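Please examine the sequence and the three-dimensional structure shown below. The paragraphs that follow lead through selected parts in turn.

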Amino acid sequence: MSLRAGLARILASDAFSAAPQLSAFLSFVVERAIEGRSAELKGYTIAVEALGRPSEFDPQIDPIVRVEAGRLRRALTQYYAREGRLDPVRVSMPVGGYVPAFEFGVPEPVEPVEEDVEPDAGEAPEPDLAARRWLQAALAALALSLIALFAWYLQPLDERYTTQSSPSPVPPPTAVQERPSLPTQPVVVAIVMPRIPEDAKTADALRRISEVFVDVMARFDDLFVIKAPAPGEPAPKGADYVFEISVVSTDGVLEGFGRLRSKDGRIVWTASASRPADAFLQDQDLVDVGRRIGTRLAEPFGIIHADFRQNASSSAMQCVFQAFDYRRFMTAERRAAARQCLEQLVQRDPEFYPAWAQLAMLGANEVASGADVDRRAALDRALSSALVAMQLAPSGARAQQAMMDVLFLRGTVGDAIKAGREALNRNPYDPDIMADLGSLYVRLNRPAEGLPLLERAISISPGRPPWYDFYTYVAAYLTGARRLSETYAAVLAADTSPLSLLGQALQAGSNNDVAKRDAALRALKERSPRFQSDPRDYLSRKGFAEEVVQRMLGDLGLGSR
């Protein structure tokens, strides 16, 4: 009876009452466990019986159960850190399965912890003696936990990674239990339907498109927590953004409206569309509209990102968006500032998985940029961060993307591609994952596989970083698609980042425009000391295959093809 009472308390909490899908998932697995039917808790059963998926559901194609399980684990952690800290029974879902675990006993009261103020990114923090001692203690526990972590990660791939050395110690989440966690979470977005149409078909269409919005935006689980109150109900308190959707029918024409507003009342973005009712009510049309708008709002360089990083007060998510901004500008100063912010964040909240994933990606980018660092040690640290991210969020797409980046630069190409494909499977709407995987194929001299991914990423990310266009240019350049390469070269001409300058030089070299080529090369050498000292090493560090390096150097006038 106490288990069901504990379940009821959880379901009545703010986090779960506003998330019907999470509540259905938790209720289903707990009830089956209470009834002694834990053996039935498989991905297919949960999808069909708890989440309403059709009987032909294929868990190998649709990762919804893994995605929701990851969200459920984080929601439970947050619940017991706040509202449920005094609950006499605790429910958890161990990583690797869907059978819940129960812990009985009255916990010690937890003193509330006020959120620290983020330091200015341009100032170096004073040494924290307590933090240093904590880190030293954590290292002592790492040897055994890291072995277990590697075993957990490698088992699903049915093969071992080829690593050059053991990862450098990074404190895993199991080694920091004595340090209180902050109530850190991604940006909270509520999707609401304030008015329900009287027409039943129109109301059903509105409900279906709302479901698509929720599904698309929830895939960006390192950036957003999505809440969807019942139709007609107001937005839950505490949401950072509210996206209101409505449909009005007039003389056989349906007009759809969407409005994004911030918690301070600002109207951030609006959208509207109209079309014949019969066309709009088609399932595929609804899905397409929902996916397009949901992606535009949630993608890493989209509407919410642009507004949040300019208008939000200091918070953990500012560190994450700061890391994404580095991926836009690719400067050493931005990379150092983002790393400092993230490292301080994981010291305060070691269970905040987005920070670990971004640290891994920053480490990989540092090596690829040609920075003067110990390549092996930097990649070992990045691998450790990626593994921690995957342990904290086994269903997280960003953790898989981070693992792809690290493994690719470590030379385990097959496993890198597997991780990239898995990342895209978990979030097929994220242009950053598409472009990242596409760039990997291009660097491997497989441009025909990379070009569709890159073009798709560009089409859905108007605020994209220039490197999307650079790798799309290189894909066209390698395949001999002259007109397409000229199109993307024109985009690169307006940017002065190192990769854009490299693209400008390659295009000029391909056109035998020596003066323009040499001008771009001079600018590139000023921006990148590594390229100036050793162009071949500069390209190789980014992972370009030898045959691609040879061709580029030839067109740059820096070596034979």
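In which helix is the place of Leu387? Leu387 belongs to helix 14, which covers residues 375–392. Helices (H or I, at least four residues) and strands (E, at least two) are DSSP runs, numbered from the N terminus. The model is predicted, local features need pLDDT of at least 70, side-chain atom pairs count only at pLDDT 80 or more, and totals for chains, interfaces and linings use all residues. Residues are numbered from 1 along each chain as its sequence is written, while side-chain values use heavy atoms, with hydrogens and water left out.

Leu387 has a relative accessible area of 0% and is therefore buried. The term buried means under 20% relative accessible area, exposed means over 50%, and partly exposed lies in between (1.4 Å probe, protein chains only). Along the chain, Leu387 and Ala360 are 27 residues apart, and their C-alpha atoms are separated by 8.9 Å. A further example is Val30, found in helix 3 (residues 20–34). Val30 is buried, since its relative accessible area is 1%. Val30 and Met93 are 63 residues apart in sequence, and the distance from C-alpha to C-alpha is 9.8 Å.

The expected span of a helix is 1.5 Å times one less than its number of residues. For the 14 residues of helix 15 this gives 20 Å, and the end C-alpha atoms are 20 Å apart, which agrees. Just after helix 15 comes Gly411, which takes a positive phi of about 95 degrees.

Five strands form an open sheet in the order 4-3-5-6-7, with mixed pairing. Two strands pair if DSSP finds at least two bridges between them. Strand 4 (224–227) and strand 7 (267–276) are the edge strands, and each pairs on one side only. On average, neighbouring strands of this sheet are turned by 15 degrees against each other, direction ignored; here axes are lines fitted to C-alpha atoms, for helices over the stretch in contact, and angles run from 0 to 180 degrees between N-to-C directions.

Within this sheet, strand 3 (residues 187–192) pairs with strand 4 in the parallel sense over four bridges. Val189 has Ile226 of strand 4 as its bridge partner, and Ala190 has Lys227 of strand 4. How many of the six residues of strand 3 are buried? Six of the six are buried, and strand 3 is mostly covered. Val187, Val189 and Ile191 are buried on one side, and Val188, Ala190 and Val192 are buried on the other, leaving both faces of strand 3 covered.

The structure also holds one disulfide, a term for a pair of cysteine sulfur atoms within 2.5 Å. Cys319 and Cys341 form this disulfide, with their sulfur atoms 1.9 Å apart. Cys319 lies in helix 11 (residues 316–329) and Cys341 in helix 12 (residues 332–348), so the pair ties together parts that are 22 residues apart in sequence. The torsion about the S-S bond of Cys319 and Cys341 is about -65 degrees, and the disulfide is therefore left-handed. Both cysteines, Cys319 and Cys341, are buried.

Finally, the structure holds 12 aromatic pairs. In one of them, the ring centres of Tyr79 and Tyr80 are 4.9 Å apart and the planes are at 70 degrees, so the pair is edge-to-face. Rings of Phe, Tyr and Trp (its six-membered ring) pair if their centres lie within 6.5 Å; planes under 30 degrees apart count as stacked, over 60 as edge-to-face and the rest as tilted. Tyr79 counts as buried because its relative accessibility is 5%, and Tyr80 is buried at a relative accessible area of 8%. The rings of Tyr473 and Tyr477 have their centres 5.9 Å apart and their planes at 25 degrees, so this pair is stacked. Tyr473 and Tyr477 both lie in helix 19 (residues 466–479), four residues apart, about one turn of the helix, and both are buried. Arg551 lies over the face of Tyr477, at 4.4 Å from the ring centre; a charge sits over a ring if NZ of Lys or CZ of Arg is within 6 Å of the ring centre and within 35 degrees of the ring normal. One aromatic cluster is formed by Phe301, Phe324, Trp467, Tyr468, Phe470, Tyr471 and Phe544.
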